[in-house]
Amino acid sequence: MKKIYFLLPIALLACKSNPTAVSEKATIATSKPIEISYKVEQNEVSDFLKYLSSDELEGRETGTRGIEKAALFLEDFFKKNNVKPYFTSYRDTLTNFKTPAYNIVGFLEGTDPVLKKEFIVLSAHYDHIGLEKNKQGDVINNGANDDASGVTAVAELAKYFSVTKSNKRSLLFVFFAGEEKGLLGSKSLVQKLKKQNFNLYTQLNIEMIGVPMKRDYLAYVTGFDKSNMAQKINEYTGKKTIGFLPKEAEYELFYRSDNYSFYEVFKKPCQSISTFDFENFDFYHHVSDEFKVMDVPHITSFIQEFLPAVTKIAISPTQEITMNK
């Protein structure tokens with residue numbers, strides 16, 4: 001996650017409407033959720049996350065040999081799971097970074113001749129902040145929660161759709177570089193897509209899901225009251241999957257991750273999903289953000305719970321997720 005300024009004044013509170021009231025409405029399901037037989041395997045989640053947050057990758061700072069190893073790993077994952085490159089290769093070169101750096105972008109075409117012209121972007125950033133300077137002992141910022149956990153979830157979603165072929169809409173799977181440098185990867189990519197007249201329906205960006213919240217909902221979306229995404233996800237899962245987190249609005253997290261780059265250009269529902277609530281994780285941008293403090297069963301169940309939601313988003317005959325007026 002791009003740096004959060006914890007001393008923001010309360011005047012920045014972003015809830016001009018009444019999100020708490022909206023959250024109560026968001027728990028009401030109006031249709032029967034899709035039954036999903038596919039099972040996310042905990043050992044696969046664990047293995048993927050463990051390597052991506054390992055010391056070998058040296059904290060995955062953009063432009064370093066560590067993130068290059070991560071890029072090779074992600075490319076190989078796409079190849080093994082029959083996810084095609086969207087461009088001529090999986091690598092999308094950043095146009096706004098001083099040295100070679102790459103988003104990793106995969107693509108699954110939709111199965112419906114009409115709906116496949118619409119795209120859903122499922123994304124997370126695979127970079128982190130690298131090595132500590134002038135410090136003894138552990139110097140590697142492994143970034144297990146931030147955001148190897150989100151990358152793991154997006155990878156599992158790519159595998160799910162590759163196996164089930166249940167997407168009528170086309171899917172773009174994006175692992176961003178440069179997020180920690182100022183959302184550079186998403187800012188670069190979105191300009192290329194705009195020039196292509198990319199037909200975006202919605203973006204779900206996954207950010208820091210490595211540990212659970214002690215709340216009566218699984219996760220929150222940034223910019224809760226900007227769209228009906230929370231309500232629709234809850235409708236699709238048949239659970240109180242998404243709730244309203246006041247701290248999210250206070251710190252304006254909507255503007256602090258890669259979803260904002262896409263919203264700014266396309267003005268469509270582009271939001272980040274997270275379980276980091278400022279109370280459940282003490283190692284934000286810290287060398288102790290390591291695999292050993294991740295709750296792998298939670299991550300696995302998080303992905304499993306989202307399968308009905310992403311499936312319904314990918315197959316609904318109309319664009320049901322919309323911006324609020």
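**Burial, helices and charge pairs in the model**

When neighbours within four places in sequence are left aside, D289 is in contact (heavy atoms within 4.5 Å) with N142, G143, A144, N145, D146, F281, F283 and M294. The structure is a predicted model, in which local features need pLDDT of at least 70 and side-chain atom pairs count only at pLDDT 80 or more, whereas totals for chains, interfaces and linings use all residues. Residues are numbered from 1 along each chain as its sequence is written, and side-chain values use heavy atoms, with hydrogens and water left out.

D289 is found in the loop between β9 (270–274) and α9 (296–315), where helices (H or I, at least four residues) and strands (E, at least two) are DSSP runs numbered from the N terminus. A polar atom of the D289 side chain lies 2.7 Å from the backbone nitrogen of N145; a polar contact is a pair of N or O atoms within 3.5 Å, one able to donate a hydrogen and the other to accept it within protein, with residues adjacent in sequence counting only if both atoms are side-chain atoms. Although D289 is buried, this residue has no salt bridge, and the nearest side chain of opposite charge, that of R60, is 6.9 Å away. Here buried means under 20% relative accessible area, exposed over 50% and partly exposed in between (1.4 Å probe, protein chains only); a salt bridge is a side-chain nitrogen of Lys or Arg within 4 Å of a carboxyl oxygen of Asp or Glu; and Lys and Arg count as positive, Asp and Glu as negative, while His and the chain ends are not counted.

Helix α4 (residues 144–164) has 21 residues, of which 19 are buried, so α4 is largely enclosed by the rest of the structure. At 1.5 Å a residue, α4 should span 30 Å, which agrees with the 28 Å between its end C-alpha atoms (the expected span being 1.5 Å times one less than the number of residues). K165, which follows α4, has a positive phi, near 50°.

Not counting residues up to four places away in sequence, F173 touches several residues, including F78, V83, I104, V154, L157 and F161.

The structure holds 17 salt bridges. One of them joins E56 and K69, with the closest N and O atoms 4.0 Å apart; this pair links distant parts of the chain, since E56 is in the loop between α2 (42–52) and α3 (65–80) and K69 is in helix α3, 13 residues apart. E56 counts as partly exposed at 42% relative accessibility, as does K69 at 34%.

K80 and D76 also meet in a salt bridge (3.1 Å, N to O), and because they are 4 residues apart in helix α3, about one helical turn separates them. K80 counts as exposed at 64% relative accessibility, whereas D76, at 34%, counts as partly exposed. In helix α7 (residues 246–250), K247 and E250 lie 3 residues apart, about one turn of the helix, and their side chains form a salt bridge of 3.7 Å, N to O. K247 counts as partly exposed at 30% relative accessibility, but E250 is buried, with a relative accessible area of 13%. Finally, E68, E75 and R91 are linked in a network of salt bridges.
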